[in-house]
Amino acid sequence: AMEKFEKGKVFAANNVIDYAEGGVVSKEFVHNAAGSVTVFSFDKGQGLSEHTAPFDALIQVIDGTMQLNVEGTDHQIHTGESFVIPAGARHSVQANERFKMLITMIRG
């Protein structure tokens with residue numbers, strides 16, 4: 001089991017989680033009434049089926065390349081690039097290669 005994320009220390013998000021063979025791993029850095037910050041790793045071939053969220057979500061890819069489909073349009077998001085998924089937009093994720101991303105969700 002993952003130990004709880006430790007605040008008040010310098011960290012590299014890339015090093016906080018590893019890839020899992022054939023799986024998706026996530027770790028929450030911050031979670032409160034205002035929102036959450038979570039890092040995810042997706043192994044090649046993994047994904048998330050289409051869903052919506054009631055709040056804007058900031059995606060930051062920190063390793064590899066993510067394929068994000070928003071309202072029927074595919075977007076390739078590379079390491080160092082970001083994307084804001086608008087509140088209520090239908091979106092899905094496909095890992096054509098493995099990647100890691102940070103998601104910041106602000107509840108408004």
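Mentor: Begin with strands: they are DSSP runs of E, at least two residues long, numbered from the N terminus. Keep in mind that this is a predicted model.

Trainee: In which strand does T104 lie?

Mentor: T104 belongs to strand 8, which covers residues 99-106.

Trainee: Is T104 buried or exposed?

Mentor: The cut-off for buried is under 20% relative accessible area. T104 has 17% relative accessibility, so T104 counts as buried.

Trainee: Which residues is T104 in contact with, leaving aside its neighbours within four places in sequence?

Mentor: The contacts of T104 on that basis are S36, V37, D56, A57, L58 and Q60.

Trainee: Now the salt bridges. What is the general idea?

Mentor: When their charged atoms come close, side chains of opposite charge can pair. The criterion here is a side-chain nitrogen of Lys or Arg within 4 Å of a carboxyl oxygen of Asp or Glu.

Trainee: How many salt bridges does this rule give?

Mentor: The count is three salt bridges. One of them joins E6 and K9, whose closest N and O atoms are 3.5 Å apart. E6 is partly exposed at 48% relative accessible area, while K9, at 53%, counts as exposed.

Trainee: What is the N to O distance between R90 and E50?

Mentor: The side chains of R90 and E50 form a salt bridge at 3.1 Å, N to O. This pair links distant parts of the chain, 40 residues apart. R90 sits in the loop between strand 6 (82-85) and strand 7 (91-94), and E50 in strand 3 (residues 47-51). Both ends have some accessible area: R90 is partly exposed with 35%, and E50 counts as partly exposed at 45%.

Trainee: Where does E71 lie, and what does its pairing with R90 tie together?

Mentor: First the geometry: the side chains of R90 and E71 meet in a salt bridge at 3.0 Å, N to O. E71 lies in the loop between strand 4 (57-70) and strand 5 (73-78), and R90 in the loop between strand 6 and strand 7, so the pair ties together parts 19 residues apart in sequence. E71 counts as partly exposed, with 41% relative accessibility.

Trainee: Which residues are linked in a network of salt bridges?

Mentor: The network consists of E50, E71 and R90. R90 pairs with E50 and with E71.

Terms used. Residues numbered from 1 in each chain as written. Predicted model: local features only at pLDDT ≥ 70, side-chain atom pairs only at ≥ 80, totals over all residues. Heavy atoms only, no water. Helix = DSSP H or I, 4+ residues; strand = E, 2+ residues; numbered from the N terminus. Buried < 20%, exposed > 50% of the residue type's maximum accessible area, 1.4 Å probe, protein only. Contact = heavy atoms within 4.5 Å.
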